[in-house]
Amino acid sequence: MSKTFTEVYIKKGEMPSKGKSKKDFVDQKIEQDRKRRLFLHSLSVLQRDGRLLDFFDEDLSLYEDEQIGAAVRSVQEDCKRTIKKYIDLKPVIESEEGEMVTIEPGFDIDSIKLIGNVSGEPPFEGILKHRGWKAGKKEIPKLSDIRDVAIITPAEVEIQ
């Protein structure tokens, strides 16, 4: 390591180690497991409230278009209600898709993705292809008490 980089790390008090420690590996594994559990939990909430996974698993070739339309309406309404309850989606850009928009200097690169012939510096003018989505609220549904994080929804058995 060069003297310059060594001095920077010494000033910050965080001299890098040559390799990752076992603790770093364990912390990384715990974080990956946590993210996986949260992702699967999101699916479990959409399954619980809207039967989304059941719908995806269904063989639609067995049904007429009218039957599919009725099922889609129910799944969509239930999932939409759940998303509104916990996230309340809001558009990133309020304009309608297809309208011309101006992207000003200092725009948030996490919120706006520029596509097409992008060159130079902002302001940019272009056609809004997708409004984007952001969370209007960030409520998190309670995690289930299921110990096996791979279980999205437990089987239900009615005892007679």
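Me: Phe56 first: buried or exposed?
Reply: Phe56 counts as exposed, because its relative accessibility is 58%, where exposed means over 50% relative accessible area, buried under 20% and partly exposed in between, with a 1.4 Å probe and protein chains only. Bear in mind that this is a predicted model, in which local features need pLDDT of at least 70 and side-chain atom pairs count only at pLDDT 80 or more, while totals for chains, interfaces and linings use all residues. Residues are numbered from 1 along each chain as its sequence is written, and side-chain values use heavy atoms, with hydrogens and water left out.

Me: How many aromatic pairs are there?
Reply: The count comes to one aromatic pair, taking rings of Phe, Tyr and Trp (its six-membered ring) as paired if their centres lie within 6.5 Å, with planes under 30 degrees apart called stacked, over 60 edge-to-face and the rest tilted. The rings of Phe55 and Phe56 have centres 6.1 Å apart and planes at 50 degrees, so this pair is tilted.

Me: OK, zooming out, what pattern does the chain follow?
Reply: Along the sequence the pattern is α-α-α-α-β-β-β-β, with four helices and four strands in the protein chain; helices (H or I, at least four residues) and strands (E, at least two) are DSSP runs numbered from the N terminus. Of the 160 residues in the protein chain, 15% are buried.

Me: What about H2, how far does it reach?
Reply: Helix H2, residues 22-50, has 29 residues and reaches 42 Å from its first C-alpha to its last, close to the 42 Å expected at 1.5 Å a residue, the expected span being 1.5 Å times one less than the number of residues. H2 is followed by Arg51, whose phi is positive, near 55 degrees.

Me: Which residues of H2 are buried, and what covers them?
Reply: Leu40, His41, Ser44, Val45, Leu46, Gln47 and Gly50 are buried in H2, and what covers the buried residues includes helix H3 (52-57) and helix H4 (65-86).

Me: Where does Pro141 lie, and which residues is it in contact with?
Reply: Pro141 lies in the segment after strand E4 (133-135) and is buried, with a relative accessible area of 16%. Leaving aside neighbours within four places in sequence, Pro141 is in contact (heavy atoms within 4.5 Å) with His41, Val45 and Tyr86. Pro141 and His41 are 100 residues apart in sequence, yet 8.6 Å apart in space, C-alpha to C-alpha.

Me: Switching to pockets, how much space lies in the largest pocket, and what lines it?
Reply: About 500 Å³ of space lies in the largest pocket, which is lined by 23 residues, with Ile112, Lys113, Leu114, Ile115 and Ile127 nearest its centre. A pocket here is an open set of points on a 1 Å grid over the protein atoms alone where a 1.4 Å probe fits, with protein on both sides within 12 Å along at least five of seven lines, and lining residues have an atom within 4 Å of a point. The largest share of that lining, four residues, comes from E3.

Me: And the second largest pocket, which residues are closest to its centre?
Reply: The second largest pocket holds about 290 Å³ of space. Of the 15 residues that line the second largest pocket, Ser42, Tyr86, Ile87, Glu139 and Pro141 are the closest to its centre. H2 gives the most to this lining, with five residues.

Notes
Points joined across faces, edges and corners; volume = space filled by probe spheres on them.
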